Amino acid sequence: MDLKLIFIAFIGLFYCCNSQKEGNECINKNAKHCGECIQAGAKCGWCTDPDFLKQGETVSSRCDELQSLIKRGCNETLIENPLGKRTILKNNPVTDRSKAKAKAETENQKLKPEEITQVQPQKVSLTLRSGEPQSFELKFKRAEDYPIDLYYLMDLSYSMKDDLENVKNLGTSLMNEMSKITSDFKIGFGSFVEKTVMPYISTTPAKLLNPCTGDQNCTSPFSYKNVLPLTNNGATFNTLVGEQQISGNLDSPEGGFDAIMQVAVCGKQIGWRNVTRLLVFSTDAGFHFAGDGKLGGIVLPNDGKCHLENNIYTMSHYYDYPSIAHLVQKLSDNNIQTIFAVTEEFQPVYQELKNLIPKSAVGTLSANSSNVINLIIDAYNALSSEVILENTKVSNNVTIEYTSRCKNGVINKGENGRKCSNISIGDEVHFNISITSKGCPNNTSPEIIKIKPLGFTEEVEIILHFICECDCHSEAVNNSQVCSNGNGTYECGACRCKEGRVGRECECSSNEVSTEDMDRTCRKDNGTDICSNNGECVCGTCECKARENPEERYSGQFCECDNFNCDRSGNKLCGGHGRCECRKCICDPMWNGTACDCSLDESTCLASNKQICNGRGRCECGVCKCDDLKFQGPKCEMCPTCPSACAEHKDCVECRMFLTGVKKDVCEEECNYFTMRKVDTKDKFPQPTDKSYPLTHCKEKDANDCWIYYVYTVTNSSEKVVYVLDKPDCPKGPDLIPIVAGVVAGIVLIGLALLLIWKLLMIIHDRREFAKFEKEKMNAKWDTQENPIYKSPINQFQNPNYGRKGAVL
């Protein structure tokens with residue numbers, strides 16, 4: 001366990017030292033001039049005072065944290081500390097427009113898409129200093145009745161034959177539904193099959209004319225065809241789509257990625273406007289992607305350029321399929337939001353693809369595409385309910401942090417700070433964007449980055465300017481006489497030496513630094529140690545080396561002084577109440593001692609009676625030292641071996657008040673040190689609220705076992721006063737008659753109670769015996785049958801004429 005504690009303590013010390021080292025990035029930079037210093041961190045400043053450096057300190061000591069520089073004696077007005085700033089260059093408010101108002105606009109008054117503002121501000125200038133973040137608020141509000149362009153890209157392989165029949169009437173039906181969302185809607189149509197090379201299609205002449213089997217009449221296979229550029233005429237859509245025929249291919253995956261790429265990059269041929277762009281990708285199969293082209297001998301990667309001739313993709317046999325990442329980039333660059341309308345079988349595949357493509361949605365297509373309109377409307381609502389910010393590429397020294405304040409007060413930070421969900425058209429959301437630079441880029445010219453919501457053409461342009469030099473740099477004097485007759489540039493209070501020159505004033509050549517004659521002047525008292533082994537001899541002058549902890553420094557003509565080898569108290573240098581200068585503590589006011597651990601403030605020794613240590617000791621370093629060893633406590637207020645105040649004065653109170661007790665013979669000599677006052681009731685005793693001085697209430701027994709009551713106090717004038725109750729509380733003797741009568745009555749009552757109990761028990765016993773007898777009597781069994789051999793000894797005879805009327809005897 002001891003080893004474990006030692007290990008934990010060592011780790012804590014290691015991290016503590018590391019945090020100290022890393023905490024002062026200004027000193028760690030070892031800056032040679034002001035520009036280097038301010039690039040070290042936002043807290044760093046450069047002291048331009050020519051007399052600031054002490055003997056032995058290097059030029060880099062001018063660079064330190066602001067408070068440290070002030071503490072070391074640099075005037076605040078002589079500290080270079082340039083700050084960044086933010087300027088809003090273009091700040092048009094977001095468009096506040098209701099749908100009813102939009103419909104009421106005439107053709108001449110109707111707002112053009114580029115006149116509708118959904119992002120505010122539009123242009124910002126930020127001046128960045130290294131380590132100091134600059135932030136601004138971005139507001140986004142989705143305008144009502146915003147124009148929409150929708151391009152329907154359909155798989156025309158043979159398996160989609162029944163789907164094509166339902167899509168033929170999609171134009172007018174979708175126009176009617178979308179009119180509920182926007183009054184400015186355009187729709188286009190394109191189709192795709194597969195690359196026109198083996199093994200994706202059969203290249204026999206007959207199959208190239210009709211790839212379908214049997215008597216099915218199919219059109220020749222093709223990679224991608226732009227059937228109808230974006231138009232606001234739904235009837236034209238129905239007519240052209242109705243003329244389309246199904247084609248066919250050999251493998252199951254289709255060449256849809258080729259088609260998506262061409263739709264994204266061929267903006268002029270498709271007719272994309274700077275409005276909401278939706279691409280509906282409808283298929284019942286998987287997809288080929290980069291690398292699959294090798295099966296057909298195609299090895300050139302997709303170039304991401306438009307290759308439409310007569311609205312047909314002509315380079316499918318020359319360029320490979322695009323990769324997913326390439327497709328994501330082009331869709332994002334062209335602000336296209338993708339809706340994958342796929343059959344249930346391939347739902348999981350396209351769901352995974354959706355996770356890789358921002359601002360995309362997946363809908364389940366019925367077997368014959370009969371639900372395609374509802375699918376598009378639902379997917380559009382899902383896409384429009386989420387706002388995701390993205391930014392263009394920034395240099396390595398610049399970082400961007402997002403914080404979103406969404407609907408219902410929801411706040412997101414980190415990666416989730418880029419987005420807001422569950423918003424409706426007309427809702428307003430806010431993003432706080434904080435940009436920080438670390439150091440200066442190699443090219444100090446302004447850098448431009450852009451931030452925009454995914455799927456929208458509107459963006460915020462941010463111009464970044466970098467602070468790489470101090471303001472005093474503009475006042476630099478080249479070849480200054482101060483710097484050893486022109487061997488350096490004097491700027492910001494210090495010399496910036498030319499190449500090959502060293503020293504605080506560039507007074508030496510780098511070839512002369514280590515000569516023996518110069519080293520001699522760097523030895524204290526002609527000793528052997530150069531600069532006390534704490535520095536280097538540069539041009540005959542000691543330049544003290546830096547410590548691992550940047551707060552610790554060597555100084556002095558021979559680097560013989562330091563600010564970390566002073567006495568400690570409580571594991572703190574100079575007790576935390578002073579500073580260490582040349583290995584001696586310079587204490588703060590009201591502190592003394594070699595380690596500044598002795599406080600001169602006596603308020604900590606002041607007792608409640610306003611006396612220092614209760615008048616029983618002296619105050620040393622803020623702690624009471626009691627003169628009499630029997631007194632203890634922080635303020636000499638306790639005496640464990642002393643009798644209590646009540647017991648101490650009890651004999652004198654007894655003799656003076658009642659003329660009794662052990663001191664009744666010497667009462668006048670020993671008990672005249674206090675003033676006695678009689679009271680007739682306890683209510684008249686003084687209470688703590690009546691006087692400002694302390695009171696002691698006492699209750700003691702006298703020689704006759706009577707209780708005497710008194711109050712002892714010392715007034716503010718140090719007069720001792722005792723208030724005594726004039727009559728003691730003596731115990732009274734017992735009254736025998738009631739006691740005897742009570743005992744006799746108790747005995748009689750107990751006897752009667754015992755007789756009653758005995759009588760009750762006997763009654764209960766008799767009743768139980770009688771009940772037992774009755775029970776046995778009832779349970780007796782007698783034999784009621786006659787003995788068959790028994791003959792009665794009695795004979796009975798009856799006169800036959802007995803009872804007859806008129807009988808003659």
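Which backbone oxygen does the side chain of Lys359 reach? In this predicted model, where local features need pLDDT of at least 70, side-chain atom pairs count only at pLDDT 80 or more and totals for chains, interfaces and linings use all residues, it is the backbone oxygen of Leu383, at 2.6 Å. Residues are numbered from 1 along each chain as its sequence is written, and side-chain values use heavy atoms, with hydrogens and water left out.

Lys359 sits in the loop between α13 (347–356) and β15 (360–365); helices (H or I, at least four residues) and strands (E, at least two) are DSSP runs, numbered from the N terminus. Lys359 is buried (under 20% relative accessible area, 1.4 Å probe, protein chains only), yet has no salt bridge (a side-chain nitrogen of Lys or Arg within 4 Å of a carboxyl oxygen of Asp or Glu). The nearest side chain of opposite charge, Glu386, is 5.6 Å away. Beyond four places in sequence, Lys359 has contacts (heavy atoms within 4.5 Å) that include Gln337, Thr338, Glu386 and Leu454.

A cavity here is a set of points on a 1 Å grid over the protein atoms alone where a 1.4 Å probe fits but cannot get out, and lining residues have an atom within 4 Å of a point. The space in the largest cavity comes to about 80 Å³.

Helix α12 (residues 324–333) gives the most to that lining, with three residues. Buried residues of α12 include His326, Val328 and Leu331, and their cover includes α13 and β14 (336–343). After α12 comes Asn335, with a positive phi near 60°.

Key:
Buried < 20%, exposed > 50% of the residue type's maximum accessible area, 1.4 Å probe, protein only. Lys, Arg positive; Asp, Glu negative; His and termini not counted. Polar contact = N/O pair within 3.5 Å; in protein donor to acceptor, adjacent residues only side chain to side chain. 1 Å grid on protein atoms, 1.4 Å probe; cavity = no way out; pocket = protein on both sides within 12 Å on 5 of 7 lines; lining within 4 Å. Points joined across faces, edges and corners; volume = space filled by probe spheres on them.
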